[in-house]
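Biologist: I would like to learn how to read the features of a model. Please take me through one.

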Amino acid sequence: MTRLAPADPRWLGLAAGLAIVATLAAADALLDAPGQIVIASVVVAPFVAALVAPPRETLLVGAAAFATAVASAAWNGNAGETDYWVRLGIIAAGTALAVRSARVREVSTELRSVEAQMTAAVGNLAEAVTVQDADGTLVYANEAAARAFGFRSSHELLATPPAQIVDRFESFTDDGAPLAVERLPGRRVLSGERDPEPLTVRAIDRVTGEERWRQIKASSVLDPSGRVQLAVNIVEDITEVKRAELTQRLLAQAGEVLASSLDYERTLQQVAELAVPELADWCGVSMPEANGLIRQVAVAHVDPAKVEFARSFSARYPVRSSDPTGAPAVIREGRSEMIAEIPDELLEQAGLDPEQLELIRSLGMRSVIIAPMVAGGRTIGAISFVTSDSARIFTNADLELAEELGRRAGTAVENSRLYTERSHIARTLQASLLPDELPEIPGFSLATLYRPAGEENWVGGDFYDTFEVPAGWLVVVGDVAGRGADAAALTALARFTLRTGATLLDTPLAALAHLNAELLARSGMALVSVACALVTERDGEASVTVMCAGHPPPILVHDGVAEPIGRLGPLLGAFEDAHWDPVSVTLTGGEVLTLFTDGVLDTHGADERFGEERLRATLAAAGGSPREAVDAIEAALSGFEVGEQADDTAVVALMRSHVAASAGRSGQGHAELSDHGG
Amino acid sequence: MIRAIPSGDEHGDSPAEPDAPFLVDVRRHGAAVVVGPQGDVDMATVTAVRHAIAEAGAAPTVVLDLRGVDFLDTSGLQLVLEQRRRAEAEGFRLVLVRGHGGVQRLFDIAGLTPALTFVDDPAEALGR
């Protein structure tokens with residue numbers, strides 16, 4: 001037995017018992033009628049105990065003591081003289097019973113005190129705790145549970161039928177599926193499962209529209225036979241954690257999606273899809289158009305039929321930039337708008353036609369946020385979030401998230417617009433570096449090929465040109481080192497310097513020298529390689545004169561034989577004392593001359609580069625026209641190339657188409673070419 | 001000093017073939033610096049060669065060893081011409097060790113071969 005504390009009720013029982021024994025002993029010693037006193041004492045003892053023990057136990061003690069007294073009296077009567085010690089033993093038994101009674105009372109008090117403490121502790125837990133009995137009835141709920149389920153007190157919660165409690169919430173599991181009650185851990189415990197997995201539930205209060213995330217755990221209380229007697233549910237509110245997680249995930253995913261492509265309409269659609277259903281039931285993006293309308297560029301809902309509905313609705317009821325409310329207002333003012341609960345009057349006042357109003361009402365919109373899409377301080381659109389089916393009401397935290405999504409989407413759209421604009425500039429610039437269409441050279445036919453490398457935003461450094469010069473016609477193919485804006489500027493300089501130079505300076509060689517000097521005069525290193533073919537026709541005799549400035553020599557194909565024409569001279573922009581030696585060939589008819597840039601030779605194959613030999617073989621095997629020569633190169637490169645095209649490629653092929661015709665072009669010919677050749 | 005440069009390309013037009021990582025081998029031999037790019041010298045890698053030469057510092061003789069070069073494009077030629085200008089301006093000797101046929105062909109096409117000093121072995125450049 002444990003040690004007794006001074007205030008322990010057992011002391012009282014013991015003291016009472018001892019008092020009785022002492023009284024009895026004294027009476028026995030002093031009086032001559034011991035039997036009566038013993039009986040009286042035995043009857044009195046339980047009542048003394050009753051002073052300190054609870055009624056029920058006292059009655060038991062009383063009954064036992066009374067029976068003992070009767071037996072004692074009977075024994076007394078039969079024996080006449082009663083042995084003092086035997087009577088004392090009987091009294092001690094009565095005392096022990098009294099003490100025992102006190103002990104029962106003490107344990108029961110202790111138990112009740114533990115129960116009270118437990119109830120108080122559970123009652124004050126932040127976690128909601130409920131207890132169900134074997135048939136699922138709620139038998140206990142703490143105050144946190146009452147609050148969690150939207151009741152004022154646990155009494156109110158316990159008094160509400162379970163179905164009504166369930167119906168109060170729109171509940172979903174973690175994966176967004178509606179919650180099936182048999183998945184609840186309490187149910188699973190009651191159906192005999194030992195240790196069901198905790199369940200995460202997203203519950204939206206249909207009355208308040210508040211969203212809560214809960215993690216529900218359950219354990220069982222078994223009866224002595226091992227049957228499940230109770231299910232104890234612990235419901236932890238993890239709303240803050242889940243919201244933070246959702247916010248981070250949504251922003252991270254949106255960031256990823258927005259950075260993944262420059263097709264902003266597609267990425268905006270993906271962002272809208274990310275937001276449903278966890279943030280909103282609907283998500284849409286609208287952007288103003290030049291025609292004064294606001295176009296819905298993206299719309300998402302978990303139900304494709306509803307997406308279709310939204311599309312046809314917006315097609316049928318276009319929104320104008322000047323409309324006073326909604327997305328147009330947000331776009332105009334650059335400030336977000338949140339209507340936590342959309343009152344019906346708001347819809348009525350929106351000036352919709354009756355059918356439109358009916359359609360909107362049919363959506364059952366509950367809460368809305370429209371956030372501006374901001375880029376560089378400018379609002380370029382609006383992103384809207386609407387709840388309906390989920391009955392959720394937006395909070396300030398939702399508004400903040402929506403605004404952040406708006407900012408990120410805005411930046412992504414702006415980047416993509418800038419990029420699109422840049423590629424447009426690049427394409428325009430690139431187009432300007434090539435002649436719109438090559439002019440016809442009388443008596444000659446031409447064909448060209450131009451393949452800019454890589455993404456369209458890179459302005460290539462290759463160019464070709466054809467123009468009339470005093471001696472005849474000049475065909476130029478050139479290449480500028482590098483790519484991008486600098487290369488484009490250099491390309492323009494090279495092309496137009498050659499053009500004006502060759503037109504004004506009488507000879508192509510003078511034009512090359514002029515461009516060389518221009519390039520050397522520039523601050524940085526500016527290198528240009530050029531192959532020129534001067535085509536002349538005099539007295540019915542056609543000839544071509546080739547000059548190579550740091551450029552691969554053109555290839556002449558005649559009767560299926562391909563050979564390079566031209567003497568190699570230095571790059572333009574490399575040396576001040578540069579000179580170039582022209583090489584002339586008489587065209588008897590049927591020859592195809594192909595000028596090309598090193599993009600052709602440098603084209604990557606599986607193991608090596610295309611190279612001069614392959615090009616010669618390709619041209620030798622090609623048909624007898626410039627078009628066929630160019631097509632053969634294109635086909636050969638496409639078949640050979642592995643991976644992305646690394647370099648620009650420009651090709652011009654020409655051929656004397658007929659012998660007669662405009663024979664009258666200036667009579668100077670290639671005699672002049674040597675003027676500058678030195 | 002061996003500098004490893006990823007063969008990837010900041011402009012996204014990386015070569016089609018799976019190239020080995022681009023390296024520039026830089027050594028000092030007495031009064032000379034020998035710079036040996038390994039791989040393709042093109043728009044993607046030429047900056048690395050330029051940096052390697054700059055980091056090697058001034059020397060009376062700079063040898064550009066082209067034996068490890070698989071491919072050279074106009075940016076590579078531009079680098080050689082830049083060094084030639086520098087050599088003239090700063091008064092050091094620029095010597096090139098001949099690369100394989102394709103590389104030499106490019107110098108020929110560009111019309112630069114007569115204006116540059118080529119040797120077959122770096123020792124020739126160092127011995128003189």
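Modeller: Begin with the definition: helices (H or I, at least four residues) and strands (E, at least two) are DSSP runs, numbered from the N terminus. On that basis, chain A has 21 helices and 23 strands. This is a predicted model, where local features need pLDDT of at least 70, side-chain atom pairs count only at pLDDT 80 or more, and totals for chains, interfaces and linings use all residues. Residues are numbered from 1 along each chain as its sequence is written, chains are lettered from A and ligands numbered from 1 in the order in which they are written, and side-chain values use heavy atoms, with hydrogens and water left out.

Biologist: What percentage of the residues in chain A is buried?

Modeller: Buried means under 20% relative accessible area, exposed over 50%, partly exposed in between (1.4 Å probe, protein chains only). Of the 678 residues in chain A, 47% are buried.

Biologist: Why do the buried residues of α11(A) line one face of the helix?

Modeller: An α-helix has 3.6 residues a turn, so residues three or four places apart point the same way. In α11(A), residues 304–316, the buried residues are Val307(A), Ala310(A) and Phe313(A). They fall within an arc of 125° seen down the axis, so they line one face. The arc is that of the directions from the helix axis to the C-beta atoms. The face turned away from the buried side carries the exposed residues Pro304(A), Ala305(A) and Ala315(A).

Biologist: What covers the buried residues of α11(A)?

Modeller: Contact means heavy atoms within 4.5 Å. The cover includes β7 (282–288), β8 (293–301) and α14 (354–363) of chain A.

Biologist: Which residue caps the N-terminal end of α11(A)?

Modeller: Asp303(A) does. One of its side-chain oxygens lies 3.0 Å from the backbone nitrogen of Ala305(A).

Biologist: Now strands. Which strands are joined to β15(A) by bridges?

Modeller: Two strands pair if DSSP finds at least two bridges between them. Eight bridges join β14(A), residues 462–469, to β15(A), and the two run antiparallel. A hairpin through two residues links β14(A) to β15(A). Thr466(A) stands opposite Val475(A). Another eight bridges join β15(A) to β16(A), residues 528–538, again antiparallel. There, Val477(A) has Ala531(A) as its bridge partner.

Biologist: Is β15(A) largely enclosed or exposed?

Modeller: Nine of the nine residues of β15(A), residues 472–480, are buried, so the strand is largely enclosed by the rest of the structure.

Technical notes: Expected span 1.5 Å × (residues − 1). Polar contact = N/O pair within 3.5 Å; in protein donor to acceptor, adjacent residues only side chain to side chain.
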